[in-house]
Amino acid sequence: MLTFSRLLAAPAIGYLILHDHHAWAAGLFAYAGITDMLDGWIARKWNQRTVVGTVIDPAADKALMTILTVCLAAKGGLPVWLAVIILGRDVGLAISAIYYRYISLPPPKTFKRYWDLSIPSAEVHPTTISKVNTALQLGLIGLATAAPIIPHDLAPALSYLQYIVATTTVWSGASYVYSKDAVKILNKV
C-alpha cells in the first residue's frame, strides 16, 4: 500500500510543481521519501519481499524521479540540459533491460512469458556509483522542489549540485556498460 501510494503521489507532486503549489509539492515529496524508507524497512524486517514489490518499488521511484525531473525542468527549477542527461540515462537503461530480459529468457520466448515476472532470467546489481547517483539525484530534486519556499538563495548550491549530478549520472550509466558484475544472466540459453 505504501509503494502504491508513492506511485500515485508522483503525478500529484508534478501537478503541484507545475501549478506553483511549492509547499504542498515539497510536503508530498517528503511523504514519498519517508514511505519509501518505511516500506523497505517493513519488507526487510518481516521478510515481506514479493516479486510484485521488487517491480513496483523501483517503478514508483523511477516515476517520481522522471515526473519531477520533467516538471522541474519545465518550470525552470532544473536546467533542460541536466534533465536530458538524467532522462537519457534512464531511457538507455530501460532499453538495456528490455534487451537483457529478451536474450536471457529461456525458450519458448513468447510475449506472455516475457512479461511473466515469476520467470527469472537476469539480475541487475546496482553499482556503487549508481547508488551514490540516486542519492544525489534525490537530494537535488528535493532541494529544487523545496527551493521556492526556502527564504535563502540556493542558486549557488543548486548549480554546484547540478554539475555533480550530471557527472555521476553519466558515470553511473557507463558503470552498467563497463562493469562485469552489473548484469548477471541467470539462464544460459
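## Close-up views of helix packing and local backbone

View A. N47, which follows α2, has a positive phi, near 50 degrees. The model is a predicted one, in which local features need pLDDT of at least 70, side-chain atom pairs count only at pLDDT 80 or more, and totals for chains, interfaces and linings use all residues. Residues are numbered from 1 along each chain as its sequence is written, and side-chain values use heavy atoms, with hydrogens and water left out. Helix α2 covers residues 22-45; helices (H or I, at least four residues) and strands (E, at least two) are DSSP runs, numbered from the N terminus. With 24 residues, α2 reaches 34 Å from its first C-alpha to its last, close to the 34 Å expected at 1.5 Å a residue (the expected span is 1.5 Å times one less than the number of residues). The buried residues in α2 include A25, A26, F29, A32, T35, D39, G40 and A43. Buried means under 20% relative accessible area, exposed over 50%, and partly exposed in between, with a 1.4 Å probe and protein chains only.

**View B. Helix α1 against helix α2.** The axes of α1 (residues 2-18) and α2 come within 9 Å and cross at roughly 160 degrees. Axes are lines fitted to C-alpha atoms, for helices over the stretch in contact, and angles run from 0 to 180 degrees between N-to-C directions. This makes α1 roughly antiparallel to α2; angles under 35 degrees count as roughly parallel, over 145 as roughly antiparallel, 65 to 115 as roughly perpendicular and the rest as oblique. The crossing of α1 with α2 is left-handed, meaning that the near helix is turned anticlockwise from the far one by less than a right angle; clockwise would be right-handed. Among the contact residues are L2, A9, I13 and L16 of α1 and W24, L28, Y31 and L38 of α2, where contact means heavy atoms within 4.5 Å. The contact residues divide into 14 nonpolar, four polar and three charged. Ala, Val, Leu, Ile, Met, Phe, Trp, Tyr, Cys and Pro count as nonpolar, Asp, Glu, Lys and Arg as charged, and the others, Gly among them, as polar.

**View C. The loop between α1 and α2.** D20 lies in this loop. D20 has a positive phi of about 60 degrees although it is not a glycine. At 45% relative accessibility, D20 is partly exposed.

**View D. Helix α4 against helix α7.** The axes of α4 (residues 80-104) and α7 (residues 155-178) come within 10 Å and cross at roughly 15 degrees. The two helices are therefore roughly parallel, and their crossing is left-handed. W81, L82, I85, I86, R89 and L93 of α4 meet residues of α7 including Y163, V165, T169 and Y176. The contact comprises ten nonpolar, four polar and one charged residue.

View E. Q162, in helix α7, is buried at 11% relative accessible area. Leaving out residues up to four places away in sequence, Q162 touches G77, L78, P79, W81, L82 and L140. S130 is in helix α6 (residues 128-146) and is buried at 4% relative accessibility.

**View F. A cis peptide bond.** The bond from P107 to P108 is cis, with omega near 0 degrees. P108 is in the loop between α4 and α5 (111-114).
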